[in-house]
Amino acid sequence: MSAFGAAAAAPDECPCGSGHPYAACCALLHRGEREAATAVELMRSRYAAYAVGDEAYLLRTWHPRTRPADLGLGQAGTPRWLGLSILATADGNEGDSVGEVEFEARHVGGVLRERSAFTRRAGHWVYVDGTVEQA
């Protein structure tokens, strides 16, 4: 199921805002063909996963200590995502072990603003948690 309430066709342009085709961008991470190199790349790919309804990827890239059992994507009230803006970053580069990304995700009805924490676990970036502000 997608964030739109039903299985969505893969978009031509990647929802992460890179300007690249989805198949050559976040779809590679979603399918496990490569890993995110930075916290920002993981954050962008997680946003794209929400937009296309890839709950398995979201759960796989969530730290087990903070990961929910499921996300309920596709249920009534799930936002329809419209765009992403990265506002600030702290660390999270290829050589770092932790990082933070502040972003705004626009959806029908508003904007979600979050400062997300990421860490490396077994050499892979994972989402830990975030401070959310609904706008």
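Helices (H or I, at least four residues) and strands (E, at least two) are taken here as DSSP runs, numbered from the N terminus. On this basis the chain has 3 helices and 4 strands, and from the N terminus on these elements follow the order α-α-α-β-β-β-β. The radius of gyration of the chain is 14 Å, close to the 14 Å that the globule rule gives for 135 residues, so the chain is as compact as a globular protein of that length; the radius is taken over C-alpha atoms, and the rule is 2.2 Å times the number of residues to the power 0.38. The structure is a predicted model, in which local features need pLDDT of at least 70 and side-chain atom pairs count only at pLDDT 80 or more, whereas totals for chains, interfaces and linings use all residues. Residues are numbered from 1 along each chain as its sequence is written, and side-chain values use heavy atoms, with hydrogens and water left out.

Along the principal axes, the C-alpha atoms of the chain fill a box of roughly 35 × 30 × 30 Å. Of the 135 residues in the chain, 41% are buried, where buried means under 20% relative accessible area, exposed means over 50%, and partly exposed covers the range in between (1.4 Å probe, protein chains only). Among contacts (heavy atoms within 4.5 Å) with a separation of 6 or more, 43% involve residues 24 or more positions apart.

The structure holds 4 aromatic pairs; rings of Phe, Tyr and Trp (its six-membered ring) pair if their centres lie within 6.5 Å, and planes under 30 degrees apart count as stacked, over 60 as edge-to-face and the rest as tilted. Elsewhere, Tyr47, Tyr50 and Trp81 form one aromatic cluster.

Strand β1 (residues 81-91) includes Asp91, whose phi is near 55°, a positive value in a residue other than glycine. Asp91 is exposed, with a relative accessible area of 51%. A positive phi, near 50°, is also found at Ala122, again a residue other than glycine. Ala122 lies in the loop between β3 (110-121) and β4 (124-134) and counts as exposed at 74% relative accessibility.

Ala88 is likewise found in strand β1, but is partly exposed, with a relative accessible area of 27%. When residues up to four places away in sequence are not counted, Ala88 touches Glu100, Val101, Glu102 and Arg115. Between Ala88 and Glu100, the C-alpha to C-alpha distance is 8.2 Å and the separation in sequence is 12 residues.
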